Each structure stands twice: as C-alpha cells, then as structure tokens.
Amino acid sequence: MTKHSICIHGHFYQPPRENPWLEDVEYQDSAQPYHDWNDRITAECYAPNAVSRVMDSEWRIIGLINNYSRISFNFGPTLLYWMVKHKPQVYQSILDADKESMTNFSGHGSAIAQIYNHMIMPLANRRDKETQVKWAICDFELRFGRFPEGMWLPETAVDIESLEVLAEHSINFTILSPHQASKIRKIGEENWLDVSNSKIDPRYPYLCRLPSGKSITLFFFDKQAATDISFGHLLENGEAFANRLIDALTTKTNEPLIESVASDGELYGHHHPHGDMTLAYCIYHIVSTETAKLTNYGEFLEKHPPLYEVQIIENTSWSCSHGVERWRNDCGDNMGKAGWHQTWRKPLRAAMDWLRDTLIPHFEQDAAQYLTNPWSSRNDYITIVLNRSRENIEAFLTTHSKRLLTETEKRRVIKLLEMQRHTMLMYTSCGWFFDEISGIETVQVMMYAARVMQLADELFALNLEAKYIQILEDAPSNISEFGNGAKIYGLFVKPSVVDFAKISAQNTMRELFTETIVASGISKMADSCFSIQMENVTTRDDGKFRLNLNRSTVFSSTTLDEQTFDCAAIWLGDHNVTCGVQSGLSTKQFFSLSEQLIEFFEKGQINEIIVALSKEFGQNYSLKDLFRDDQRRILDYIVASGSKKAKELNDIIYHDNSALLRFMKEIRILPPKPLQLAAEVVLNMDIEQMLSAQTLDLEKLEKLIDDSKNLAVTFDSQLLSFQASKTITEEFNKLANTPQNLKTLTNIILLIQIIHKLPLQLELWQSQNIAYKIAQNQYQTLKTKEDPTAQAWIAAFTTLCELIGIRLT
C-alpha cells in the first residue's frame with residue numbers, strides 16, 4: 001500500500017502598514033502593549049513558530065521544532081520587508097527553515113511566493129497582475145536565494161488570466177479551495193465530471209490547461225478541516241489535529257494521496273493562543289508514528305505528477321461566498337457586526353479605479369521621455385524598493401534609461417515609479433475586507449491614494465484630490481460621526497500627508513525635547529526614509545520656555561529630493577509647542593531673524609515670538625502635526641512631572657490609610673473607593689517599576705505583591721503580564737550567557753515563584769527555549785559530576801525546569 005502524504009500550509013500575512021511618506025510603521029494604540037500590530041503578531045505567532053515547543057501530556061516540554069521547516073508556508077513580501085528591519089532574528093529563522101525543509105523534502109523548499117501586496121488578482125488589470133507576480137518572484141529570490149515553485153493568490157481569488165500570468169512566469173502550482181473547481185477528468189480521457197459545490201476530491205493534484213497552451217498544477221485543500229482549524233476546536237489538541245489529517249487518508253487505493261490543509265498562519269498563535277504548540281505536536285505525532293509522510297507541495301508534485309485535469313470557476317475566492325464581491329460590493333460577507341453594511345466598498349473601489357486609470361496615460365507619456373519601456377521599468381522597480389542605495393539606483397537607470405539623465409530627470413523618473421508603486425499598494429485587499437470604512441486597514445489604502453495624488457500634483461500639476469473626495473462622498477460610514485468616506489479622508493488621511501516642510505518642522509519640534517542637541521551634523525529621523533542636516537543651530541532654555549532655531553536640509557532616500565528650510569520652534573510648557581518653517585531666506589535674513597527671536601526670548605517677550613512665527617514664517621505647526629511615535633515620546637516627557645505629582649499624592653493617600661485598608665479588608669467591609677483606587681494606582685505602578693528596574697529587588701517585589709493581594713487590588717493584568725514576561729526573558733538571556741552561574745539560576749527561580757503569585761498570563765516561550773537548550777548541553781554535562789557545586793546547580797536547574805514546564809527525563 002502506498003504511504004500517503006500530509007501537507008499543512010500556513011498563509012502568513014499582514015497588510016502593509018507603513019506610513020507612505022515615512023516608509024515605516026507608526027505607533028498603533030490598538031496593538032498595546034506592543035508598538036504596532038506587526039510587532040504584536042510577531043510576538044504571538046511568527047516568532048514562537050520558529051522555535052515551537054513540543055509538550056507531553058503533562059504540559060512539559062520534550063522538544064523544540066521550527067514549525068516552518070515541516071510545513072508549507074508563504075510570507076507576505078511586505079511583511080518580510082518590515083521584519084528584516086525590526087525582527088531580524090525571526091526573519092532569519094524563516095529563511096533557515098526553508099533551507100532545512102529542502103533537506104526534509106527532497107530538495108524542495110517549503111516557502112512559496114505570494115502576490116506582492118495582496119491585491120485581489122481577478123479585479124486587477126493585466127499590467128498590475130504581471131507586475132505583482134514579477135515583484136513577488138524578485139522579492140522571493142532575493143530573500144530565499146532560489147526561484148519559487150509555487151505562489152499564493154491573495155484570498156485564493158482566481159481567474160484564468162491570473163493563472164496565465166503565473167504560468168508565463170514559470171510558477172508550477174498554486175492552492176485553491178474545493179468550491180473553486182468546476183469539472184475534472186482523468187488525463188487522456190474525454191468526458192468531464194462535474195465537481196462544483198466542493199465535490200472535488202482534494203487529495204489529488206490537478207493539471208489546469210490554459211487557453212495559451214500553458215498549464216499549471218492546482219492543489220485543493222481539505223475545506224472542512226481548514227474550517228475546523230479556523231473556527232472549530234482542532235487547535236486545542238495536537239494529537240487530535242494530526243489524527244484528523246491521518247484519518248482523511250484511510251482509503252484503499254494505490255494512487256498516491258495528499259491530505260492538504262491551508263489556513264491563515266496567524267491561527268497558530270495569534271488567533272488561537274499557543275496554536276503554534278498544537279501545530280508542533282501535530283507535526284511530532286505524524287513524524288513519530290510514521291502513519292503518513294509529511295511533505296510539501298513541491299516534493300509531492302515532483303514524485304506524483306497530476307493524474308487528473310481540472311477546470312476552475314473564475315472570479316471565486318476562499319473568503320467570499322459571492323466570488324470576489326467582498327472587495328467591490330456590499331455582498332453580505334463581513335466580520336459579523338450586527339446592523340452594519342458595506343455599501344462603502346463599491347464607491348471606494350470606484351475611487352481607486354478612477355485614480356489609477358486617470359494616471360495611466362500621464363505615466364506612459366511622461367516616462368516615455370526618459371525610459372525605454374515605462375511598464376518594463378515598473379516591473380523591475382522592485383529592485384530599487386528592496387535596495388535604495390545610490391549605486392543600485394544608478395545601475396537601474398543605466399539599464400532602463402533612453403539616454404544619460406540629469407539629476408532632476410533622475411528624481412522625476414523615481415517619482416513616476418513611486419507613484420505607480422503606491423497605485424498598486426492602494427489595492428491591498430484588507431482595505432475592503434472588514435466591516436467599516438474608517439477601520440485602520442481602509443484608512444491605510446486611502447493614505448496610499450493620497451500619496452499617489454501628491455506625486456501626481458508634483459509631477460503633472462494635477463489636482464485629483466477634489467474628484468477623489470467627491471467619489472468618496474457616496475461611501476457611507478456605519479458610524480454617524482464619521483459620515484462618509486470623504487469626511488473620513490479629511491479626518492484621518494489628510495492630516496497624515498507629509499511634505500518636506502512638515503518633516504523639518506517635525507525634527508525641530510523634536511529637538512526641543514532632546515537633551516543634547518548637536519549644533520551641526522546629519523541625523524536620520526528614527527525609522528524613516530528622511531535624513532536631516534541641521535546647521536546654525538541655536539537653543540535657549542530659561543527653565544520655563546525653550547527655543548530652537550536652525551537651518552535644516554531634508555533629504556529623501558526614496559525620491560532623492562532635497563530641500564532646505566529655516567525653522568524656529570518654541571515650547572511654552574505643557575502641550576503648547578509652535579514651529580514656524582520658511583524657505584527662501586538668504587543667510588543674512590536668517591541670521592537677522594534669529595537674532596531678533598533670541599532677543600525677544602532673553603527679554604521674556606514671548607508674545608513677540610509667537611507673532612513673529614506667524615508673520616515671518618510661511619507655515620506653522622504644532623504637536624498635532626507630529627508623527628505618532630514622536631507625539632507619544634514628547635507627551636510622555638511633558639506629562640512625566642504631572643504623573644509624578646499624581647503618584648506622590650496617591651502615595652500619601654495610600655500610605656496614610658494602608659493600615660485602615662488592611663483592617664477593613666480583615667473585617668470584610670468594603671473600603672471607600674477613592675482609598676482603594678489610590679492603593680491600586682500606587683501598587684500597580686510600583687510593581688511595574690520594580691519589574692522594569694535594571695537591578696531586581698526581589699524582597700521588595702514580593703512584599704508589594706503580598707500587600708496587593710492582601711488588599712484585593714485589581715491588577716493591570718495586560719501591562720504586568722507583558723512586563724513580567726519581558727523581565728523573565730531578560731534574566732534567562734543572562735543565564736544563556738553564563739549558564740553555570742548558580743546565583744543567576746537561583747534568582748530566576750525566586751523571581752518566577754514571586755511572579756506566580758500574580759494572576760498573570762505569562763509568555764515564557766523564549767525562556768523555555770533557552771532552558772531547554774541548557775538542558776541539552778550543560779545539564780547533560782553536569783549531571784554526571786558529583787562535586788557539591790555541580791550537584792547544587794543540578795538541583796536548582798531541576799527546580800527551574802519544573803517551574804516552567806520542561807521534562808528533563
């Protein structure tokens with residue numbers, strides 16, 4: 001009997017979240033306590049799956065596995081673009097897993113490519129389809145060092161033209177849902193069998209012959225199993241998960257079968273906490289019982305070419321029962337918010353289509369003056385997106401330009417191609433997927449559109465915004481205060497639009513709160529594509545007010561543009577910050593104006609400075625105009641003194657009444673709410689500060705926790721869980737550097753024992769992984785030694801492993 005195969009596919013993806021002007025992700029409040037949703041989901045899913053724990057029946061670790069090396073997976077290119085900058089270790093573990101999988105699966109890597117920015121392919125024009133596939137392949141080759149055998153279609157949305165584009169680019173296979181199949185027949189036979197309504201047997205690969213004469217293999221996943229992974233209870237037990245897949249192969253046939261499941265990768269840890277561990281045990285069970293062979297699509301296809309061919313149902317997807325209407329109409333598919341509609345989808349799609357189509361002739365005509373083939377140049381522009389070094393840009397322009405370009409022409413060409421890049425980014429599928437037009441995903445795609453219109457205005461003096469907003473007036477919000485898409489654009493998108501003057505103002509206001517200001521030099525704005533050279537910097541601080549004057553030259557590594565501005569900013573205390581920006585002043589005029597403002601400041605004539613900023617500087621900015629991260633940094637600085645005073649007042653209230661509060665608790669009388677709240681503020685803050693301290697005072701920490709429990713304090717569980725997990729991980733990192741340090745070991749034991757008194761959900765996977773590796777190395781060495789030091793270490797390490805759930809025997 002043929003040994004059948006199992007393939008588990010994870011679609012790991014986040015929409016591009018970068019600010020279109022900064023080229024990086026800003027702070028997202030909804031992702032707290034993390035910086036943003038990419039950061040949060042990486043911690044909950046992408047990182048744990050790279051070193052996942054295999055647990056026994058008593059929830060003790062018996063092994064570690066890089067799940068990616070044993071499954072099939074794709075990562076969104078724009079997610080990896082973020083990850084390589086912010087989570088390089090996780091990024092590297094994904095690349096390493098692909099290399100390891102080639103050993104596991106006969107030379108076939110488990111990673112497959114994904115359409116570049118998750119555009120719904122049937123709704124895209126032919127040029128965008130081609131560029132999306134070419135960008136996906138180029139991105140994949142750069143990262144994984146090989147050509148992708150397969151490619152994931154966003155939402156598995158498919159039409160014949162999309163399959164033609166994949167086949168033209170030598171993609172061997174893609175993955176679909178069973179309901180997307182129409183007819184099948186055995187290769188070589190004439191009669192077709194109707195398999196619509198998910199009647200296809202998904203355990204075979206199928207050849208899809210295309211009108212061009214090319215073909216592509218289609219794998220269909222087990223829809224019911226995938227549904228149970230996503231919405232059922234299959235991720236509650238790894239053995240049950242494995243047996244479910246194995247049972248699907250219990251059939252008497254000599255034909256090789258593949259039980260394939262595909263789902264969002266975020267289910268394995270983000271949507272289902274500890275889902276990575278369920279997946280790890282599922283893999284462990286399948287491999288250890290040898291009841292089926294774990295494989296990936298590439299390996300199975302090489303060993304077992306299709307015996308059947310298939311015809312698809314066009315314009316279908318895995319997440320919309322109405323085909324692809326979810327991304328252009330109010331079809332009824334949504335996230336289930338009662339009473340809400342999605343009539344905004346159609347006008348939003350119309351606005352994007354109008355903007356794209358309006359700019360096509362402008363792009364073609366203008367770019368043709370400089371580039372041999374504008375669309376071919378766009379297809380290759382991904383090489384610049386992935387490497388914006390000046391050498392790489394020059395090499396690109398040498399290849400694609402008709403002639404030697406001036407510096408001005410080079411900048412124009414880059415802007416033309418940036419306009420096209422953002423024109424594609426504005427079609428990211430998540431912009432239409434959810435229930436409400438004011439959601440962060442939809443606002444994000446409108447921000448990309450705003451960047452497109454800004455570039456169109458700079459390039460062609462075209463004012464497209466008015467018409468775009470007019471179309472959005474027909475896109476109603478479900479939230480009455482937001483009205484419609486036009487109002488949402490004005491509230492959330494328009495204030496985000498950035499120009500070089502705003503960048504110079506941002507930097508100058510930030511410098512008011514920088515303790516050490518370099519009088520002259522180049523500084524790169526944190527996590528952005530802008531660098532700023534400040535000259536003629538003058539600062540004044542009288543203890544109450546602060547003044548900063550400078551001449552700033554702003555440079556963009558994206559567009560290669562450079563502009564110089566004269567800036568003056570004053571802080572009047574609290575949130576009262578004003579910055580004036582002017583361009584075109586001569587050096588003499590700048591120094592004269594600076595001297596005047598300094599004189600006003602030193603004489604305490606603050607009103608005169610405010611008047612001068614309004615009169616002498618063309619544009620004025622405030623804290624409202626700062627990027628989110630700098631707003632938070634500056635406001636944290638500003639409110640620090642107020643927070644300190646509030647803490648001191650609560651300290652007085654709590655300590656003056658702590659004995660009374662304990663007595664009332666003892667005789668079961670509820671304390672007055674103001675006194676209880678003061679206790680909760682003080683004790684939560686003190687515990688968080690103790691956990692964050694560079695040197696841990698475990699005795700004091702334990703007393704704080706005991707006092708809190710005695711007073712039945714309500715804990716800030718989210719914040720304390722996050723900080724406690726972080727602190728434990730930091731201590732384990734110290735242990736990893738000196739694993740035989742008995743003092744460090746005993747301190748960690750005491751720390752965990754103390755923290756276990758709190759009702760917290762700890763994330764200990766990183767700490768457990770470190771301990772497991774120590775168990776495989778130092779523990780094995782020291783357990784054979786009989787000297788007292790070694791035995792003391794063994795006893796302590798055994799206690800630690802019991803605390804965090806690692807099986808040593």
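Student: In this predicted model, how many bridges join strand β2 to strand β3?

Tutor: Strand β2 covers residues 52–55 and strand β3 covers residues 61–65.

Student: Which residue takes a positive phi in the hairpin of β2 and β3?

Tutor: This hairpin has five residues between the strands. The positive phi lies near 60°, and the residue that takes it is W59.

Student: Which residue of β11 is the bridge partner of R209?

Tutor: Strand β10, residues 205–209, is joined to β11 by five bridges, and the two run antiparallel. Strand β11 spans residues 215–220. In β11, the bridge partner of R209 is S215.

Student: Does β7 run parallel or antiparallel to β11?

Tutor: Strand β7 comprises residues 173–176, and four bridges join it to β11.

Student: How many residues of β11 are buried?

Tutor: A residue counts as buried when its relative accessible area is under 20%. Strand β11 is mostly covered, and of its six residues the number buried is five.

Student: Are helices α22 and α23 roughly parallel or roughly perpendicular to each other?

Tutor: Helix α22 (residues 628–666) and helix α23 (residues 673–692) pack with their axes 8 Å apart, at an angle of about 115°. Angles of 65 to 115 degrees count as roughly perpendicular. The two helices are therefore roughly perpendicular.

How values were computed: Residues are numbered from 1 along each chain as its sequence is written. This is a predicted model: local features need pLDDT of at least 70, side-chain atom pairs count only at pLDDT 80 or more; totals for chains, interfaces and linings use all residues. Side-chain values use heavy atoms; hydrogens and water are left out. Two strands pair if DSSP finds at least two bridges between them. Buried means under 20% relative accessible area, exposed over 50%, partly exposed in between (1.4 Å probe, protein chains only). Axes are lines fitted to C-alpha atoms, for helices over the stretch in contact, and angles run from 0 to 180 degrees between N-to-C directions. Angles under 35 degrees count as roughly parallel, over 145 as roughly antiparallel, 65 to 115 as roughly perpendicular and the rest as oblique.
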